[in-house]
Amino acid sequence: MPDDVSPGGDLVRRAFRSVSSMSKLRVQAFSISIDGYGAGPGQNLDNPMGVGGMALHQWVLGTKTFQAMHGDGGAGGEGGVDDDFAVRSFQNLGAWIMGRNMFGPIRGPWPDHDWQGWWGPNPPYHTPVFVLTHHPRPSFTMEGGTTFHFVTDGIQAALTRAREAAGGRDVRLGGGTATVRQYLREGLIDELHLAIAPVLLGAGEHLLAGLDLPKLGYTCTEHVASDKATHVVLTKGPVR
Ligand SMILES: NC(=O)c1ccc[n+]([C@@H]2O[C@H](COP(=O)([O-])OP(=O)(O)OC[C@H]3O[C@@H](n4cnc5c(N)ncnc54)[C@H](OP(=O)(O)O)[C@@H]3O)[C@@H](O)[C@H]2O)c1
């Protein structure tokens with residue numbers, strides 16, 4: 001907070017607090033199948049998205065944004081609707097939250113600390129990342145400014161820590177489905193962008209089953225289709 005003791009200091013402090021409180025919790029570029037699955041079944045080292053789950057992400061793989069991060073530097077990537085959503089998904093982020101299964105395929109107590117995520121030495125986060133888990137583990141920092149912290153005291157604690165770390169910018173809730181569902185159930189997500197891929201998975205991790213989103217205050221505020229996905233944005237308003 002600015003250390004301002006001038007007569008206008010109160011105003012500055014209030015403005016700072018109001019900017020901080022505008023920090024949103026956003027789910028972005030979360031891909032689901034037509035039948036509502038956010039991941040296929042049987043996640044393992046060869047299938048980070050579960051068996052068949054990579055079909056959900058086809059819309060993003062060819063975008064300029066994805067290619068710039070993981071491929072050819074963006075030269076061969078495509079612009080357009082899909083890329084517009086990919087660009088938005090990284091704007092104004094100060095921290096991330098994710099579930100332990102998004103971080104990796106290891107279940108139960110950590111056998112050691114060798115696993116450092118799917119993403120190699122320079123993960124695409126470049127902010128603090130708060131990983132929800134029941135199994136404590138020390139924080140560690142990777143190239144590019146990504147620090148993974150492991151949070152064992154629940155979704156509220158993770159959100160509080162992420163908001164503090166984000167310094168007024170938004171917090172992105174990366175996934176996976178179990179984690180997004182918990183934050184939805186508590187009405188804590190301000191904005192949820194779903195990319196509905198034109199595929200049926202038939203099994204896996206379902207995103208919205210059993211959640212009464214209108215009752216939780218969510219409405220669809222944007223929808224647009226590309227050749228590869230139908231994008232919808234759900235925004236949280238007052239609870240009905
Ligand atoms: N469709 C997309 O765009 C998208 C995006 C991201 C990820 N994914 C995919 O989604 C799948 C993972 O989703 P998921 O639903 O299986 O799991 P997840 O949400 O990533 O992680 C769930 C695990 O996180 C820990 N956890 C969650 N909430 C907790 C809490 N409140 N307190 C303590 N620990 C908590 C628990 O692990 P422990 O008990 O073992 O500690 C729990 O089993 C992966 O295949 C991933 O690739 C898809």
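How many bridges join strand β8 to strand β11, and do the two run parallel or antiparallel?

Mentor: The two strands run antiparallel, and 6 bridges join β8 (residues 191-196) to β11 (residues 230-236). First, the ground rules. This is a predicted model, in which local features need pLDDT of at least 70, side-chain atom pairs count only at pLDDT 80 or more, and totals for chains, interfaces and linings use all residues. Residues are numbered from 1 along each chain as its sequence is written. Helices (H or I, at least four residues) and strands (E, at least two) are DSSP runs, numbered from the N terminus. Two strands pair if DSSP finds at least two bridges between them.

Stay with β11. A225 has T230 of β11 as its bridge partner. β10 and β11 form a hairpin, with 4 residues between them. In a regular strand the side chains alternate between the two faces of the sheet.

Now widen the view. The open sheet has 9 strands, in the order β5-β6-β4-β3-β7-β1-β8-β11-β10, with mixed pairing. β5 (140-141) and β10 are the edge strands, each pairing on one side only. The protein has 7 helices and 11 strands.

α6 lies across β1, β3 (93-99), β4 (128-132), β6 (147-151) and β7, at about 160° to β3. α7 packs on the sheet too, touching β1, β3, β4 and β7, and its direction makes about 130° with that of β7. Axes here are lines fitted to C-alpha atoms, for helices over the stretch in contact, and angles run from 0 to 180 degrees between N-to-C directions. Contact means C-beta atoms, placed from the backbone, within 7 Å.

Buried means 20 or more other C-beta atoms within 10 Å of a residue's own; exposed means 12 or fewer; partly exposed is in between, with C-beta atoms placed from the backbone. After α7 comes G187, whose phi is positive, near 65°.

α7 also matters to the ligand count. It gives the most to the shell, with 4 residues. In total, 29 residues surround the ligand, the closest being G99, N101, G175, G176 and A178. The cut-off is a C-beta atom, placed from the backbone, within 6 Å. Other suppliers of at least two shell residues include β1 (25-32), α6 (154-166) and β7 (170-175). The shell splits into 9 nonpolar, 17 polar and 3 charged residues. Here Ala, Val, Leu, Ile, Met, Phe, Trp, Tyr, Cys and Pro count as nonpolar, Asp, Glu, Lys and Arg as charged, and the others, Gly among them, as polar.

Last, the whole chain. Of the 240 residues in the protein, 35% are buried. Among contacts between residues at least 6 apart in sequence, 62% join residues at least 24 apart.

Notes
Contact = placed C-beta atoms within 7 Å.
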